[in-house]
Amino acid sequence: MTGPLVGLVVNPVAGLGGRVGLKGSDGADVQRRARELGARPEAVLRASLTLRHLPPVELITAAGPMGADAATAAGLPARTVHRPAGPDTTAADTRAAVRALVAAGARLLLFCGGDGTARDVLDALGPEPRLPVLGIPAGVKMHSAVFAVHPRAAAEVATAWAAGRGVRLEPAEVVDRDEAALREGRVSARLYGRLTVPVLPERVQQRKTGSAGPDPAAPAGLAAEVAERVGPDGLLVLGPGSTTHAVATALGAPHASLTGVDLLRLRAGRTARVLLRDARADQLRALPATPWIALSPIGGQGFLLGRGNQQLTPGLLRAAGRERLLVLATEAKLAALAGRPLLLDTGDPALDDALSGHVRVITGRGSCAVYRLSA
């Protein structure tokens, strides 16, 4: 044995719907539609990013894309203790793999997926699980508090846990949203239970929290500032969330998506028209000109990129650059973060590092704050 026994299970289809604007990946029909739109699985790659940065451990996992493929990609030996029933894995396969890893003696369980995968892990472990569990984020939304902020951070937490250094074990909430409601523009979330998670400050994400909504005057001020910067006839990509939706409404585009990524064209008089609702990554790549991108961080978590807006690919973000990235948040929303940074998880570690630093956050008409942006 070269180190503690670590179990890994990967949900191969986690996040499949993200780039193509489907707002989730639950269900065979959604997965089939995502593939028809050109989506490619990325969970195995994200799991391998974590494994590359692990200290010496004894790794046990499930066969093929449920874990062994990620170990092979990372150049790590792994012992297979479970084989899925067939090539198309399901939630039942995830639960069976978790039980097999526990039976084989895993002392830490790493799982790669999203909120739905976290629910499957919870179901497999029972109502009061004590085994330390940590999620490698690979889903679309990930509102639960059981995930590292990105795959490299998962390795940092696992490394600290293995060394017995600076990690505390805490119960963390597993929350999932109703994807069908989400596609209809309604946000409905439910608490399913808690998993025991090794926590390292700023390396494990917070649970997504709601807000009382911005001051009624705030969206108009934010919208006026956005319109002035983008200018008439400019293209604006608007990320999901209540803040950005309120800005779209203030610009005269109330039918913009609450939960998707939209493309707007600014017009004279500081108004806008929706060109694409729930845009896909390939549609945004095909734009004739480089757009501006306006985003608001997720309440409580602080995520700016990598949660619910995977349509904004690294290529698009590089083309836009920092100069065309508009960060929108009221002062109250920033204050609720209690000094924690705004977070990045674009899927491209080099881009995350390049974007990290301090960024100007538009907080209202003629006002801004300088805030830390971090991978």
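The model is predicted; local features need pLDDT of at least 70, side-chain atom pairs count only at pLDDT 80 or more, and totals for chains, interfaces and linings use all residues. Residues are numbered from 1 along each chain as its sequence is written, and side-chain values use heavy atoms, with hydrogens and water left out. Helices (H or I, at least four residues) and strands (E, at least two) are DSSP runs, numbered from the N terminus.

**The sheet**

- An open sheet of 5 strands runs in the order β3-β2-β1-β4-β5, with parallel pairing. Two strands pair if DSSP finds at least two bridges between them.
- β3 (79-82) and β5 (133-137) are the edge strands, and each pairs on one side only.
- Neighbouring strands are turned by 30° against each other on average, direction ignored. Axes are lines fitted to C-alpha atoms, for helices over the stretch in contact; angles run from 0 to 180 degrees between N-to-C directions.
- β4 (residues 108-113) pairs with β5 in the parallel sense over 5 bridges.
- G113 stands opposite P137 in β5.
- Helix α5 (residues 115-125) packs on the sheet and touches β4 and β5. The direction of α5 makes about 145° with that of β4.

**Helix α9**

- In α9 (residues 242-250), T243, T244, A246, V247 and A248 are buried (under 20% relative accessible area, 1.4 Å probe, protein chains only).
- The cover over these buried residues includes α8 (218-230), β8 (235-238), β9 (262-267), β11 (292-295), β13 (325-328) and α12 (331-335). Contact means heavy atoms within 4.5 Å.
- G252 follows α9 and has a positive phi, near 85°.

**Cavities**

- The whole structure holds 3 cavities of 30 Å³ or more. On a 1 Å grid over the protein atoms alone, a cavity is a set of points where a 1.4 Å probe fits but cannot get out; lining residues have an atom within 4 Å of a point.
- The largest cavity has about 60 Å³ of space. A volume is the space filled by probe spheres set on the points.
- Its lining is R46, L49, H150, P151, R152, D345, G347, D348, P349 and D352.
- α2 (43-52), α6 (151-163) and α13 (349-355) each supply at least two residues of that lining.
- By class, the lining of the largest cavity has 3 nonpolar, 2 polar and 5 charged residues.
- The second largest cavity has about 40 Å³ of space. I293, L317, A320, G321, R322, R324, L325 and L355 line the second largest cavity.

How values were computed
Buried < 20%, exposed > 50% of the residue type's maximum accessible area, 1.4 Å probe, protein only. 1 Å grid on protein atoms, 1.4 Å probe; cavity = no way out; pocket = protein on both sides within 12 Å on 5 of 7 lines; lining within 4 Å. Nonpolar A, V, L, I, M, F, W, Y, C, P; charged D, E, K, R; others polar.
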